[in-house]
Structures are given as structure tokens and as C-alpha cells.
Amino acid sequence: FSLYLRDGKKLLSLFDENKEVQRLFESKFFQGIFHDPLYDSDIRAEDLRLQGIQGAFLKPFVREAVAAHGELHYDSAHGNKGFVFSFIRRECPMASKILPVLSKFLARSGYRVPKLTNPVLEMRIGLQRLFLTESEGRVYVSNGLEALLNVLETLYPMDSHLLEAPLVLTIRAESFVEKFLPVIANTPSFTISIGFELSTGTGGFLQFPSGKLTQKLLPSIFKGVFAGIPHDAFAALATSHLLPVDMTTEQWQQLTVKGPGDKLESLRAGEVKEGGFAIVWDLSSAGGRITQMGVVIANTANPDETGVFKKYFADPDLTASCGGGTVFLAATSGSLLSRMKESCEGQSLSVLNWERGSRTKAFESNPFFMFMNPGAGMRELFLAGGGKSEEKDQDLLEPDETDPDLDSSGEFEPQWKKEYESAKAVMRQEGETVFKGLPIFAYSGTGAADGQTVHLKGFTVQQGASR
């Protein structure tokens with residue numbers, strides 16, 4: 001992942017002036033997540049015995065660095081030691097004063113690296129162990145040496161390819177689905193760029209190379225495919241590709257090798273105007289596996305033969321159909337499959353119900369649709385990471401059904417444990433406020449005229465506004 005702060009001043013003004021953003025980041029949940037850097041930001045130069053600098057210098061220094069075309073890179077291979085931040089030195093006046101002092105008084109060791117003119121300096125500031133270097137006019141700061149070296153080795157100029165937006169997020173897909181890329185894109189690399197406008201109600205734009213993914217698309221996605229996507233799923237991707245039930249083994253092999261762009265006789269694109277294939281990605285703290293995947297396939301041409309799709313899945317019991325056989329569903333868990341079937345049959349809410357159905361016009365007539373719900377994902381990750389209450393059925397019990405001094409086995413709980421559970425309950429309450437305040441980011445479109453780039457327009461959806 002790489003986050004490009006093309007207009008750092010606009011981002012900073014969002015934190016300074018937007019009351020909603022301030023409320024979210026002042027919550028105990030975010031304060032806890034960013035405890036270490038927030039703690040370090042209050043360190044004074046006198047605490048570090050730095051000569052020539054006074055007071056809490058880190059906050060103004062970081063703000064100036066963010067405005068100096070800052071970039072934040074994350075190397076997922078190194079976990080929580082994979083963050084690398086950089087900025088243009090000449091655009092950050094404080095750097096000429098602070099960096100020499102930090103290097104002189106805090107550097108504990110240095111590393112000479114081939115291809116780098118300047119050494120990599122190791123230092124500690126408060127709770128952070130940091131690695132600092134400069135290359136081609138940019139200052140790089142990282143909390144992991146391996147991540148820093150990897151980022152410096154793999155970075156390539158992006159300015160000419162970046163979207164025109166104040167904040168741009170790029171995701172290099174080869175870091176996650178390397179073997180799948182040749183099928184959908186016919187290339188070993190695949191970069192997705194998301195531009196954020198930092199304005200209320202606008203989702204910016206999403207851009208990625210077309211490859212094979214945009215070939216042989218039908219005009220629009222069948223409405224039943226949208227119905228099969230639960231409104232509160234973590235993420236989903238849908239296209240108007242048609243997958244007929246009567247494809248032969250050879251045709252499937254061609255599709256696998258050559259991608260959806262291969263012209264198959266059985267697609268009958270001229271006869272069918274609507275198709276659809278969707279992948280649903282959900283996160284759930286219930287059960288052993290937090291990640292759950294689902295598939296939605298439109299079958300408007302042969303609804304009586306929808307059951308044929310079962311043979312392509314390892315567990316036929318985790319498949320279903322709805323809409324009179326016009327939609328086939330499959331999932332990796334029974335709970336996700338039940339949610340998908342209920343939303344498809346109208347028994348629960350789907351993405352068609354976002355903001356009382358007013359958002360359907362933004363995506364129902366386009367062949368591409370995708371969204372991500374960060375609030376839903378963060379909630380489940382928080383619960384899976386230890387945020388749950390130890391009482392599994394706590395919410396189902398009446399107040400007089402349990403003794404607050406006894407645990408589930410009837411033994412008296414120590415005071416520290418009660419305080420710990422009480423703190424978790426407060427954090428869950430704080431977290432719910434934060435999670436519900438985060439919008440859903442959705443994108444839809446038809447692609448680009450040049451045939452080389454897919455350009456989708458973004459929009460945001462407020463959580464809790466479904467019908």
C-alpha cells in the first residue's frame with residue numbers, strides 16, 4: 001500500500017476544521033490505536049537533551065512534513081514494522097534545522113547500503129525505534145529497517161500516473177494475488193489507485209488497468225446479483241460478465257488461461273443483455289476463521305439449471321439459489337451463505353437498500369461495481385482481537401439472572417478481571433460509535449474510452465441509513 005498526500009494542507013485542514021473527523025480521532029478507540037505515536041508527539045527536545053531545539057517539536061515538524069508532498073508506504077510482509085514515511089526535504093524548512101540535530105544526538109548506529117549515497121541511521125525517539133535516510137531529495141523514516149530497504153528498492157516514479165486528487169491510495173495487487181493476475185490482467189503487476197477528494201459525500205475516483213477484466217462485458221449487472229450482496233458486508237466486487245451453466249471443461253480451461261476476454265460461443269452476449277458475477281468478502285469475529293468469501297452468479301437464461309454450478313464448488317452444502325433460480329450463491333461458511341440468501345430473497349437488507357434505495361441509480365446501470373465498508377471490517381477485527389466480552393450470551397440475560405461477582409463457572413471473579421472487562425465494555429461502546437461514523441466507500445462505472453484503463457466514479461454511503 002502507498003498513500004500519496006498530494007495536497008497535505010487540505011488533509012491537515014480536514015483535521016483542523018471538520019468536527020466529525022475531530023470527534024472520531026478524539027475518541028478513546030483511536031487514541032488507543034495510535035497511543036505510541038501520540039505519546040511520542042508530546043516529547044520535548046529538553047527530554048531528549050537536544051541542543052538547538054526547544055519544546056514539543058515533533059507535532060509541527062510532522063505537520064510540515066505532511067504538507068511537503070508526504071508519502072506513507074506499508075510493506076505488508078513486515079507486519080507492524082512495515083511503515084515507511086517520506087517527504088521532500090526542500091519543501092520542509094524545519095528539516096534543515098531538526099534532522100542534523102537528531103542525527104548528531106540520537107543516532108545509535110548506521111548502515112551503509114549499496115545504491116544509497118547517504119547511510120541509514122538508527123535512533124530511538126520515545127517508544128519508537130526509527131530508521132532515517134535521504135535519497136534523491138526525499139527523507140525516509142521507517143519503524144523497520146527491512147521495510148525501508150524494500151520500499152527504496154521497489155519504488156518507482158508515480159507522479160505522472162497518479163490521479164488528480166488531494167489524497168491517493170495505491171494498492172499493488174501482486175503483493176496479494178500474484179498467481180491470479182495473469183488470468184484477469186495478463187500482466188505480472190496490477191496497480192489499483194483510489195483518489196479521495198476529502199469532501200463530504202464524495203468518494204473520489206478509482207482507477208486500474210483494464211486487462212482482460214473489461215472484455216466481453218454486458219451492458220449492465222443483473223439486479224439479483226446486487227440483491228445477493230448483504231448491505232453490511234466488508235467488501236464486494238461485481239461485474240457484468242456472463243457465466244452460463246452449459247460451459248464445457250475446455251471452455252472453462254480457456255477462461256482460466258486466457259481470462260474472461262476469450263470469445264466463447266456459449267456466452268451468447270448478443271442474446272443476453274444482463275449478466276453478473278460478484279465476489280463478496282466478509283469479516284466475522286464469530287468462529288475460527290475471520291475471513292469469509294462468497295460468490296454470486298446470475299443465471300437469467302437457464303434458471304431451471306442453476307444447480308449445475310454446484311459441481312464447481314468443494315462443498316455443495318454451502319451453495320444455494322434464489323430469485324426463482326436466476327441467482328446462484330456459494331460461500332465458505334454457513335453464516336455468510338444464510339445472510340446472502342436472506343438479502344437476495346428480500347428478508348434482510350442488501351446493497352440495493354443503501355440509504356433507502358436512493359443510491360441504486362449510482363451503480364445499477366453500470367458493468368462495474370465495488371465497495372469497501374471500513375467500519376464493518378474494523379469492528380470485526382477489534383472483536384476478534386480480544387474485544388469481545390467473556391460472557392457469550394451476556395446480552396440475552398436479564399439483570400437478575402447473573403451475579404456480577406461470579407464468573408461463568410460460579411467462581412468469584414478477582415477485582416482486576418472485573419475492571420478489565422469493564423474497560424473492554426467501554427472500548428466496545430466507543431468503538432461502535434466510531435465504526436458507525438465511518439462511511440462506506442463505493443465505486444461504479446463503465447471503463448475508459450481508451451480501453452486501457454478502468455475509471456470508476458466514487459460515492460459514499462452512510463451506515464445505518466438502509467431501509
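**A buried valine, a strand hairpin and a helix pair**

In this predicted model, V84 has a relative accessible area of 0% and is therefore buried, since that term applies under 20%. The residue belongs to strand β3, which covers residues 83-88. Setting aside its neighbours within four places in sequence, V84 is in contact with E71, L72 and H73, with Y140, V141 and S142, and with A147, L148 and V151.

The next element to consider is strand β5, residues 120-125. Five of its six residues are buried, and the strand is thus described as mostly covered. Strand β5 pairs with strand β4 (residues 107-111) in the antiparallel sense, over four bridges. It is also joined by five bridges to strand β6 (residues 128-135), and β5 and β6 run antiparallel. M123 illustrates both pairings: this residue of β5 is the bridge partner of A107, and its bridge partner in β6 is L130. Between β5 and β6 lie two residues, and the two strands form a hairpin; in its turn, G126 has a positive phi of about 65°.

Two packed helices are described by the angle between their axes and the distance between the axes. For helix α1 (residues 8-17) and helix α5 (residues 58-67), the angle is about 135° and the axes are 7 Å apart. The two helices are therefore oblique to each other. Helix α1 contributes G8, K9, L11, L12 and D16 to the contact, while α5 contributes R63, V66 and A67. Of these residues, four are nonpolar, one is polar and three are charged.

Terms used: Residues numbered from 1 in each chain as written. Predicted model: local features only at pLDDT ≥ 70, side-chain atom pairs only at ≥ 80, totals over all residues. Heavy atoms only, no water. Axes fitted to C-alpha atoms, helices over the stretch in contact; angles between N-to-C directions. Parallel < 35°, antiparallel > 145°, perpendicular 65-115°, else oblique. Contact = heavy atoms within 4.5 Å. Nonpolar A, V, L, I, M, F, W, Y, C, P; charged D, E, K, R; others polar. Buried < 20%, exposed > 50% of the residue type's maximum accessible area, 1.4 Å probe, protein only. Pairing = 2+ DSSP bridges.
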